[in-house]
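Let's look at how the parts of this protein model touch each other. Here it is.

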Amino acid sequence: MSDLKLFNLLATESFVYVCTSQLSSRNYKLTYFNVKAVAEPIRFIFAYAGVEYEDNRVEHAQWPEIKGTTPWGQLPLLQVGDKTLAQSNAICRYLGKKFNLDGANEWENAKIDEFVDALADFRTAWTRTFREKDETRKSEMMKDVLETVVPQIFGTLDATIAGNNGSPYLVGKKITWIDLQTAHYLDMFENLNPGVLIKYPNLKKLRNTVYETDQIKAWCQRRPATNM
Amino acid sequence: MAYKLTYFDLAARGEPARLIFAAANVKFVDNRIKMPDWPALKPTLEWGQVPILQFGDKTLTQSKAIYRYLARKFKLSGTDEWESSQCDELVDATSDLVDEFVKFVFKEPDPVKQAEGKKNFITTTLPTFLGRINKRQMDNDGPWLVGKSMTWADIVVAEMLRQMSAATDPTALNGYPHVRKMIDAVFAHPNIKQYVDASRPS
């Protein structure tokens, strides 16, 4: 091969290598169990943004050997190239910003953070009932969720949308990652507590709006069917 | 227009915000509620909770949302989005630990379960967490958990570990020299030291 041809070949290969390594540094891999739960808000972000990622679902049998390799002994984990990020809301916030699904300014982002933490308070109260083995105590806890926690938190979120200048979203004029997350948890909660959203029409509308988008509709049709 | 932080006259979930203001040397109204005034105040709050941060006509609730907003405003959240996300990860992990701590130290009504929970926290939960923070600091250059300068992650982790070890096991931090190094660096910061010496709640 002439020197020029060889040079061109090497230059092309280097170019391809550089392109590929740049692409792979943006490759996303999400690792979680084969359930929706706290990874689904992340999957919704990828789906809504139309960004490819590896949806790595681990079987419970594999978990013991993986657990020690994770930063906090937990999932989900997001790998971006050679870097790892843990904590579901840290992941949502990072991707939300990357894919323009965050607030329009610092204050809107602060309100998104406020709502995601309030939603987490609701989830903690709710999921605690799953782990309670004593049936009497479990009913008491669920009663408290429905009579105290839900009115406080759903009520305030519903009023937030009502006060958002005609926008159907929780923050600002466009959909953000908090809308995607909230819609998912509302949907899961309503499936187990039919009719609970009747008192919160703005939340019900938000859930429907998110689920009726082409991207989320398509994702729900192709995602693995799991109970939780 | 000054920021106003409203919280009880306690460290707990208000103190990291006070420390962030101190680190940034930003004046704020440190509105400390007296317990007898709380029942009247609570129903006026959007979420029935404190801390809240007020700025002009705007109100922000939820402790982590407040810390993160202030940290970003005062450039204490890392130098890029990845470092910011690392701060978020560390604070969320710490928050999980604090929730565990609060559950058994404050919320468990059954004294037997409470004693069990506290023992489990001291022998397992807290050391596991400390091991991870120790490694995180060790893997990073310098005394901080993220990047090359102090972030709100250092402040929150240092303050919450200070509170939790004081309440459960003051010797807990022995054996984690890198954690110790980070905590000492936070509280040796001149602005923070000045605030703590003058105004840390008892």
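Below is a short tour of two interfaces.

## Ground rules

This is a predicted model, where local features need pLDDT of at least 70, side-chain atom pairs count only at pLDDT 80 or more, and totals for chains, interfaces and linings use all residues. Residues are numbered from 1 along each chain as its sequence is written, chains are lettered from A and ligands numbered from 1 in the order in which they are written, and side-chain values use heavy atoms, leaving out hydrogens and water.

## Where chain A meets chain B

Chain A brings 31 residues to the contact and chain B brings 29 (contact means heavy atoms within 4.5 Å). About 2900 Å² is buried between chain A and chain B; that is the accessible area (1.4 Å probe) the two parts lose on being put together, summed over both. Trp72(A), Trp107(A) and Glu114(A) supply 27% of the area that chain A buries against chain B, more than any other three residues.

The rule also finds four salt bridges across the interface of chain A and chain B (a side-chain nitrogen of Lys or Arg within 4 Å of a carboxyl oxygen of Asp or Glu). Arg68(B) forms a salt bridge with Asp113(A), with the closest N and O atoms 2.9 Å apart.

## Inside chain B

Chain B has domain 1 (3-75 + 191-199) and domain 2 (81-188), with bounds from an automatic or database domain assignment. Their centres, taken over C-alpha atoms, are 21 Å apart.

Arg68(B) turns up again here: Asp88(B) forms a salt bridge with Arg68(B), the closest N and O atoms being 2.8 Å apart.
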